[in-house]
Amino acid sequence: MFRHCREPDVKPVVGTTPASMFDKVWNRHVVAERATGPALLYIDQNLIHEGSFHAFAELRRRGLSVRHPAQILGTPDHYVPTHARTADAAGSPEIGRMIRQFDSNMAWGGVPNFPLRDVRQGIVHVIGPEQGITLPGMVLVCSDSHTSTHGALGAIAFGIGQSENAHVLATQTLWQKRPATMRITVNGRRTDGVAAKDVILAIIRQIGAGGASGHAIEYAGPVIAAMSIEERLTVCNMSIEAGARCGMGAPDETTFKYIEGRPYAPRGQAWQAALRYWRTLASDPGAAFDREVVVDGDAIRPMVTWGTSPDQAVPIDGRVPDPSAMTDPHVRSTAQAALSYMGLTPGTRLAEVPIDYIFIGSCTNSRIEDLREAARVLQGRRAVVPGMVVPGSGLVKREAEAEGLDRIFIDAGLKWLDSGCSMCAAMNGDVVKPYQRCASTSNRNFVGRQGPQARTHLLSPAMAAAAAVTGHLTDVRDLVGANTP
Amino acid sequence: MTTAFICETGVAAPLEGRNIDTDQIIPARFLKADKQQGYGQYLFHDLRFDQAHNEHPGFVLNQADFRQARVLVTDANFGCGSSREGAVYALHDYGVRAVIAPSFGDIFYNNCLKNGLIPVQLEEPVVDRLRSRLHAGPDRLVTVDLERLEIRGPGNETHAFRIDPFWRECLMKGIDEIGLTMGYLKDIEAFEHTYRAEMPWLQR
């Protein structure tokens, strides 16, 4: 019986008030609103990984099932081994159990999934866009904070906890408070040798690790518009490191070209209908934002973090800052603690900081373009420190091997491994040893993130490759000349 | 279903430092355990213990005055980073019923609401002063009153705080959110009917 007492959900056309992209997508997903407080928001797509065992336990406890399995996709990524493709090869029997438990939860819930042996397996935030599962105009969630990644395609995508995950699995909805909006406009033009990673590190440095708390970011301006989708994915990925609820980029021709033909992307008439809708999603001229931030894109240089929060970053030609020169006592004490943990002395040139290990991977920087950038620096060179390259998915790995990138990494002396979160989350047994210093293309330099007492410097794939070659943090532009990469 | 929270009084511990992330609250290697096994033992694990599992005497929760903390008073952007709900499980299982800070990580804040842990947001100078008073002692009791929407701290200081009325009601009644949403099932079905007709490309 389809004739509900409810009026059809046709909203009046508000032709006069310009709307932001965020508002357009949000408004289209409101199932119910109360007089005050959060709205019941419809969730198009939920991506799940091993950590979802809490949510499945909750469903079982309540005698509930997965409401719409076709709108869920699972893949193991956080705990998977990177040197083999079986649960038996996991870092420990307990870690292996996480992968088997995931498989049995997928079977129990009837959830489509790419298991470890499937070539499509990979980091959730890599495979969503790669498969054409993530589409413009969607609301997408995943019980992982880096879900903000998917916003690069013009979706509202945010991380949730396991209680919320259970709620989505059971109802395909979530109670959510509408965040405020923030537009970050990156003006000018990126100079040679400046990567998307440098752009987002510069943004986070400017606004702070909590600078976008409670806000949905829209990245705009010529620097963002000129980026490839993979570069925008890197930028949106780290929105959470500024505290944002989500980060988005307007869908444009670059977006549509990226999506067309991917396995889950619409085809034929459905594609044409989708395109018509997607072209309406960009923020209207004159749309209002609760906050506006402007970033000088011309001034961005290759960046590297010196501390234990992603906003503690400086250009590679800078120096380790001196906490005693900081006026805010909170900032000073936080910086002092960070330098003590990192074993760094104020005033040291970043380019003189020695490195013990290199990690190229993570949902921030493990896509094919990232691997190409790193390979361009490593071609014909040798790494003087050990390191690993972990592609973001089995398909990225296959593509890299077809291009011969694996040979470049192996010939340079680095490990070429299978896909997973690996040393970014350090849950699968891939860890940085205590007091070792890792140049990492991941997203978090938190205390203990890559292993107890491990010291992390965040940077771009090309910068990580440059550090591998020299054994210390290095301006990649000095190594390969200003015209490349 | 979480337990209802109306008003609770307990020892409050001051925890210094901005941007205390969920990796600090519970390191990733402890996230494999079932919730029933008890996450409190892992709370702030690498801040509380050295590698030989001896307590760091300097850490606030290892000090006699604060070992029984029921409230945590901390700094800006508490709970930033990873979405791991284990951070909230660990706080709650340790006995912490409320966290007072100038700001919180958004996902952590939401996770608190689902587990009966009260996130209390107050102005930074107020929170700074509260931490100073707790360090100084001897009065270290803080009351978190969700009914009156205020906290009462040492020196008879009272501060009003805000929390969305929807979440407040859920917390005060221990409302089961999934159960609540099941009451909207007809709305969800009606939404899906229209939505799928308008967005046929989303059919999978």
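Helix H6 (residues 196-207) of chain A is largely enclosed by the rest of the structure, since 11 of its 12 residues are buried. The model here is a predicted one. The buried set in H6(A) runs from Ala196(A) through Lys197(A), Asp198(A), Val199(A), Ile200(A), Leu201(A), Ala202(A), Ile203(A), Ile204(A) and Arg205(A), and picks up Ile207(A) as well. The helix length checks out too: 12 residues at 1.5 Å a residue should span 16 Å, and the end C-alpha atoms of H6(A) sit 17 Å apart, which agrees. Just after H6(A) comes Gly208(A), with a positive phi of about 95°.

Elsewhere in chain A, helix H12 (residues 368-378) and helix H15 (residues 461-470) pair up, their axes coming within 8 Å and crossing at roughly 30°. With angles under 35 degrees counting as roughly parallel, H12(A) and H15(A) are therefore roughly parallel to each other. The crossing of H12(A) past H15(A) is right-handed. On the H12(A) side, the contact uses Asp370(A), Glu373(A), Ala374(A), Val377(A) and Leu378(A), while H15(A) brings Pro461(A), Ala462(A), Ala464(A), Ala465(A), Ala466(A), Ala468(A) and Val469(A). Sorted by class, that contact has 10 nonpolar residues, two charged and no polar ones.

As for the two chains, 50 residues of chain B are in contact with 63 residues of chain A. Several helices of chain B each supply at least two residues to the side touching chain A, among them H1 (22-25), H4 (106-114) and H6 (165-173). H8(B) gives the most, with eight residues. By class, this side of chain B splits into 17 nonpolar, 16 polar and 17 charged residues.

Note on methods: Residues are numbered from 1 along each chain as its sequence is written. Chains are lettered from A and ligands numbered from 1 in the order in which they are written. This is a predicted model: local features need pLDDT of at least 70, side-chain atom pairs count only at pLDDT 80 or more; totals for chains, interfaces and linings use all residues. Axes are lines fitted to C-alpha atoms, for helices over the stretch in contact, and angles run from 0 to 180 degrees between N-to-C directions. Helices (H or I, at least four residues) and strands (E, at least two) are DSSP runs, numbered from the N terminus. Angles under 35 degrees count as roughly parallel, over 145 as roughly antiparallel, 65 to 115 as roughly perpendicular and the rest as oblique. A crossing is left-handed if the near helix is turned anticlockwise from the far one by less than a right angle, and right-handed if clockwise. Two residues are in contact if their C-beta atoms, placed from the backbone, lie within 7 Å. Ala, Val, Leu, Ile, Met, Phe, Trp, Tyr, Cys and Pro count as nonpolar, Asp, Glu, Lys and Arg as charged, and the others, Gly among them, as polar. The expected span of a helix is 1.5 Å times one less than its number of residues. A residue is buried if 20 or more other C-beta atoms lie within 10 Å of its own, exposed if 12 or fewer, and partly exposed in between; C-beta atoms are placed from the backbone.
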